[in-house]
Amino acid sequence: MGAVTELVNKKAVADAFSRAAQSYEGAADLQRQTGETLMALAAAQGVNPGRKVLDAGCGTGYFSRRWREAGKSVTALDLSEGMLAHARSLNSADIYLPGDIERLPLADHSVDVSFSNLAVQWCNALPRALQELVRVTRPGGIVLFSTLAENSLLELSQAWMKVDGRPHVNKFLTPDKIAEACAPYTHHVEFSQHTTLFPDVMSLMRSLKGIGATHIKGGRLGGLGGRERLAKVDQHYARQDGQLPLTYRLVYGLIYCEEE
């Protein structure tokens, strides 16, 4: 195999999340909802996952703390040193690891559960991320992940297209591509969507900034500081009951790591 082309500037992603570390907990309602759904999915499938949990892309450690409340021993991993420091200050986990989901600094079969909530969309290649999460999970353990699918943030993208012909939003994988990445494993995948309404473009952009989602592959999300340009986005934004809708197409995945 040749060298893997790195499409995502991992340092820029990490920096964006480090900048968001203080505001993230307040802005991350969506993350909380998706993470709770993911935890409930494991319970609904009747999975008794064991004690050691990896929270891959832990952010401020909200779900590291949730897993610990459930009596688990948690390793919190994040690309962003700022997020990891914030997680540590909140006493979120048992072990804190800086690291990349596509190159996990963990031994094979070293955890019972790999949990990754809205993080793998920042990876270069979903198959590689899932392969790594499966690798570090013991046979009989599970991988739980949530991510975003194609047409997430579509309303924002359409408004930007009318302003300057550029989407200003990351491209997310199609459901087919996500299913393809899961195909090598025994898995269960669910798709749903969630729409949040905002009073204006500034509060909508702040919510994206608050969750660190201001980095796009190939460069920064344009126009975050340009008030005139944002006013134009506001003009072109399709309203719903006088408010600005922002839709996330959510994917929940559960991979069963086979007993050998």
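## Exercises on a predicted model

Ala93 is buried, with a relative accessible area of 4%.

**Exercise 1. Where does Ala93 sit, and which residues does it touch?**

*Solution.* Start with the chain order: Ala93 lies in the loop between α4 (81–89) and β3 (95–98). Next, look up its contacts, leaving aside residues up to four places away in sequence: Ala93 touches Ser64, Arg68, Val74 and Ala76. Finally, check the accessible area. Residues under 20% relative accessible area count as buried, and Ala93 has 4%, so it falls in that class.

**Exercise 2. Which residues of helix α3 are buried?**

*Solution.* Helix α3 covers residues 62–69. Within it, Phe63, Ser64, Arg65 and Trp67 are buried. A helix rule is handy here: an α-helix has 3.6 residues a turn, so residues three or four places apart point the same way. Now step past the end of the helix: just after α3, Gly71 has a positive phi of about 90°.

**Exercise 3. Which residues does Trp67 touch, and which members of the largest nonpolar core touch the most other members?**

*Solution.* First, the neighbours of Trp67: not counting residues up to four places away in sequence, it touches Met39, Val53, Lys72, Val74, Val113, Phe115 and Leu144. Then widen the view to the largest nonpolar core, which has 42 residues. The members that touch the most others are Trp67, Phe115, Leu144, Leu156, Leu204, Tyr237 and Leu246. Strand β9 (residues 244–256) gives the most to this core, with six residues. A second, separate core has 26 residues, including Leu54, Leu133, Val136 and Ala181.

**Exercise 4. How do the residues lining the second largest pocket divide into nonpolar, polar and charged?**

*Solution.* Begin with the volume, about 220 Å³ for the second largest pocket. Then find its lining in the structure; among the residues are Glu150, Leu153, Pro167, Lys171 and Phe172. Sorting the lining gives five nonpolar, five polar and two charged residues.

**Exercise 5. How many helices and strands does the chain have, and what share of its residues count as buried?**

*Solution.* Count the elements: nine helices and nine strands. Then turn to burial: of the 260 residues, 52% count as buried.

Conventions:
Residues numbered from 1 in each chain as written. Predicted model: local features only at pLDDT ≥ 70, side-chain atom pairs only at ≥ 80, totals over all residues. Heavy atoms only, no water. 1 Å grid on protein atoms, 1.4 Å probe; cavity = no way out; pocket = protein on both sides within 12 Å on 5 of 7 lines; lining within 4 Å. Points joined across faces, edges and corners; volume = space filled by probe spheres on them. Nonpolar A, V, L, I, M, F, W, Y, C, P; charged D, E, K, R; others polar. Helix = DSSP H or I, 4+ residues; strand = E, 2+ residues; numbered from the N terminus. Buried < 20%, exposed > 50% of the residue type's maximum accessible area, 1.4 Å probe, protein only. Core = buried A, V, L, I, M, F, W, Y, C linked by side-chain atoms within 4.5 Å. Contact = heavy atoms within 4.5 Å.
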